[in-house]
Structures are given as C-alpha cells and as structure tokens.
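Hi,

Here is the structure I promised to pass on. Have a look at it first, and then read my notes below.

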Amino acid sequence: MNSDQIFQLFAYLIPSVVTGAIAFYFFRMHTNNEEGRRRFLLHKDSQKDTLPVRLQAYERMALFLERIAIPSLVVRVAPQSDDKNAYENLLIKSIETEFDHNLSQQIYMTDECWNIIKAAKSATIQMIRKAALSNTDTADKLREDILNETMEKTSPSATALSFVKKEIGDLW
C-alpha cells in the first residue's frame, strides 16, 4: 500500500468515524434523557400514592403528642384510687400504650422526627416520675404537682409537635 491509498483510506474513514461518534453521543444523550424521564414519572406516581399515607402518619403522631401533653393527659386519665404510685403507673402506662399503638408510623417518617417524638415521650414520663418523687401522698395532689411543674416549662410534646409541623411543611 502506497501513501495515496493510505490517505484515501483515512479520507473515507475519518468522516464515518466522526459521524459514528456524533450518532453515539446523541443516542446516549437521548437514552439518558429517557431514563431520567421514566425515573421522574415513577417517582411522581409513587409520591401520589405515598404522600397521603405519610401525611396520615404525621397526623397520627400529632394526635399522639397532643394526647401525651401533660394537661390533656391528667384530664383524660383520672386517678382510680388515692394511691399516688398507682396513678403514676397509670399515667405512664397510658403513654406507653398510646405509643405502642402508633409504633408502625415510624416507617413513614424521617429518623430525626421519630427520635424527637421518642424523646418527647421519654421526657414526659420523666416529668411524671419527677413529680411523683415529691412528698405528696394522694393521687389528686400528684395530679396538681404534675400540672404545676409543666406550667413553668415548655412541654416536650409542644416542642416535638412544632418539629412535626416543620417537617410536614418541608414535604410540600
């Protein structure tokens, strides 16, 4: 093969290689674009199905936080006897039962939100236990002590509820 033939071979080969490379580039770009569009449509469809379920989970946890707020808890759960220890256990059992009932909602929430809700539950139980350590001797007096202690501080439930509201706002 002489140099003219090699030059002719390259003259035919270069335009076809350039055309092939451009076609490959556009085909790949089109494929990636279609894949992104499909992924977006799937995400959009799944959002349509999961958003109502997630909102319902947040609603249930907001209701849980309202129910374990000390003022509503002591009004809703009346003492069954004068024994302050029995009343303390009744309040804590009510909180734990309510929490166990809503335990499955954690799969629809972020870990941070769920941890804040658990911390609010634990802090509320601690407030009840702390009030029970006082020198009260009846359940009604314990009820008053618990309410008096919470009047001075921000409720853990209120703090957690504001975080839940913020997280729901982030969903939009």
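Helix α4 (residues 111-132) packs against helix α5 (residues 139-152) at an angle of about 125°, and their axes are 9 Å apart. Axes here are lines fitted to C-alpha atoms, for helices over the stretch in contact, and angles run from 0 to 180 degrees between N-to-C directions. The helices themselves are DSSP runs (H or I, at least four residues), numbered from the N terminus. α4 and α5 are therefore oblique to each other; angles under 35 degrees count as roughly parallel, over 145 as roughly antiparallel, 65 to 115 as roughly perpendicular and the rest as oblique. On the α4 side the contact is made by M127, I128, K130, A131 and A132, and on the α5 side by L142, D145, I146, E149 and T150. Contact means heavy atoms within 4.5 Å. These residues divide into 6 nonpolar, 1 polar and 3 charged (Ala, Val, Leu, Ile, Met, Phe, Trp, Tyr, Cys and Pro count as nonpolar, Asp, Glu, Lys and Arg as charged, and the others, Gly among them, as polar).

Before going on, a word on where this comes from: it is a predicted model, in which local features need pLDDT of at least 70 and side-chain atom pairs count only at pLDDT 80 or more, while totals for chains, interfaces and linings use all residues. Residues are numbered from 1 along each chain as its sequence is written, and side-chain values use heavy atoms, with hydrogens and water left out.

α4 has another partner, helix α6 (residues 156-171): their axes come within 8 Å and cross at roughly 170°. That makes α4 roughly antiparallel to α6. From α4, the residues E112, C113, I116, I117, A120, A123, T124 and M127 meet P156, S157, A160, F163, V164 and E167 of α6. Sorted by class, this contact has 10 nonpolar, 2 polar and 2 charged residues.

Now to the loop between α3 (84-101) and α4, where N102 lies. Is N102 buried or exposed? At 3% relative accessibility, N102 counts as buried (buried means under 20% relative accessible area, exposed over 50%, partly exposed in between, with a 1.4 Å probe and protein chains only). Leaving aside neighbours within four places in sequence, N102 is in contact with R60, M61, F64 and W114. Q105 is also in the loop between α3 and α4, and counts as buried at 6%. Residues up to four places away in sequence aside, Q105 touches A57, R60 and M61.

A78 sits in the loop between α2 (70-76) and α3. The C-alpha atoms of A78 and K44 are separated by 48 Å, with the two residues 34 apart along the chain.

Last, the aromatics. How many aromatic pairs does a search of the whole structure find? There are 3, where rings of Phe, Tyr and Trp (its six-membered ring) pair if their centres lie within 6.5 Å, and planes under 30 degrees apart count as stacked, over 60 as edge-to-face and the rest as tilted. Y25 and F26 form an edge-to-face pair, 5.5 Å centre to centre with 65° between the planes. F26 is partly exposed, at 48% relative accessible area. F64, F99 and W114 form one aromatic cluster.

Cheers

Definitions and conventions. Helices (H or I, at least four residues) and strands (E, at least two) are DSSP runs, numbered from the N terminus.
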